[in-house]
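This report describes selected strands and a ligand site, and it should be read alongside the coordinates shown here.

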Amino acid sequence: MATNIQTTTKSTVENQTTSRQTSAGESDERIEPEWTNYDFDNGTKFAVDDLDVFYGDEQALEGINLDIPEESVTALIGPSGCGKSTFLRCLNRMNDRIKAARVEGSVALDGQEIYGDSVDLVELRKRVGMVFQQPNPFPKSIRKNVSYGPRKHGDVETGLLARLFGDDAGDEDALVERALRQAALWEEVDDRLDDNALGLSGGQQQRLCIARCLAVDPEVILMDEPASALDPIATAKIEDLIEDLAENYTVVVVTHNMQQAARISDQTAVFLTGGELVEYGDTNEIFENPESQRVEDYITGKFG
Ligand SMILES: Nc1ncnc2c1ncn2[C@@H]1O[C@H](COP(=O)(O)OP(=O)(O)OP(=O)(O)O)[C@@H](O)[C@H]1O
């Protein structure tokens, strides 16, 4: 994991300048950055190819290509409105819920296209869970918050309940304990599992939401600024948790906080205004020796 932020002089790279036709038929000079093709050691969890997203006539993401490695933390950074959340939502098709949104291109999860008509969205979102900026527990007990997902989705056909609860499908307690332990919350709530979750602190509520996400046995956890509503102590707990989770899960996290991205992520994708992925690579490299002048300017606070 990256530990410090410092920038050095940008190394010289050969950009390929190519032409592409705009919708108005004009030739539009574009830089095709070589460095978005980042090589990593882990297997590929997501392969994203030529992804465009539009809201009505407005284009929010343009020609995004990147692969996300499994069992690691990938940070998405960039100024407000550059499309980070839009990109995150593409990974479990949450943009399908936004009427104006149109997604073009390809996103493959473990080699399988997720934008096919026959894809089961409930199953996809079980595999690719999501945690939001504001903790959003249900107004139910801590226990019911965690067991809600498996009970709702745990149909016999998929075998999910049996897999999660063991042979005894009534053994909800074991599942609740496991998920709360994984979310580093168990010791703070084990004596009040039947209390209303809304009585927890903001940081505890966010870890409960992570436990709720883990309870349905996902492979990927998407997090949209999961600590931005929390104080520094609660933030530190979430950051530690994210690093621990990456041992078994693929974590993709949007953050405005560059120090946070540097602390917790293995690789970082930098989006800039216009919905462009400008640079993607090893987090240390991005923060210490970015290839692109625009990324260096962003990281050193010259804009954004
Ligand atoms: N539901 C929506 N309807 C219409 N336009 C949208 C919608 N969601 C996002 N947009 C637009 O798409 C662009 C990208 O927004 P997005 O929220 O993905 O950016 P972001 O980088 O996550 O921003 P922030 O850091 O401020 O959360 C912006 O111009 C935004 O106004």
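Is strand S12, residues 276-282, mostly covered or mostly uncovered, and how many of its seven residues are buried? In this predicted model, strand S12 is mostly covered, with six of its seven residues buried. Strand S12 runs antiparallel to strand S11 (residues 267-272), to which it is joined by six bridges, and within this pairing Val270 stands opposite Glu279. The hairpin that S11 and S12 make has three residues between the strands, and Gly274 adopts a positive phi near 100 degrees there.

A further set of strands builds an open sheet, in which four strands follow the order S4-S3-S6-S7 with antiparallel pairing. Strands S4 (58-69) and S7 (112-113) are at the edges and have a single partner strand each, so one side of each is left without a neighbour in the sheet. Strand S3 (residues 44-55) pairs with S4 in the antiparallel sense over eight bridges, and the bridge partner of Phe54 in S4 is Gln59.

| Strand pair | Bridges | Sense |
|---|---|---|
| S11 and S12 | six bridges | antiparallel |
| S3 and S4 | eight bridges | antiparallel |

Turning to the ligand, the residues that surround it include Tyr55, Ala60, Gly78, Lys84, Ile98 and Ala100. The shell around the ligand divides into five nonpolar residues, six polar residues and one charged residue. Helix H1 (residues 84-90) gives the most to this shell, contributing three residues.

How values were computed: Residues are numbered from 1 along each chain as its sequence is written. This is a predicted model: local features need pLDDT of at least 70, side-chain atom pairs count only at pLDDT 80 or more; totals for chains, interfaces and linings use all residues. A residue is buried if 20 or more other C-beta atoms lie within 10 Å of its own, exposed if 12 or fewer, and partly exposed in between; C-beta atoms are placed from the backbone. Helices (H or I, at least four residues) and strands (E, at least two) are DSSP runs, numbered from the N terminus. Two strands pair if DSSP finds at least two bridges between them. A residue is near a molecule or strand if its C-beta atom, placed from the backbone, lies within 6 Å of it. Ala, Val, Leu, Ile, Met, Phe, Trp, Tyr, Cys and Pro count as nonpolar, Asp, Glu, Lys and Arg as charged, and the others, Gly among them, as polar.
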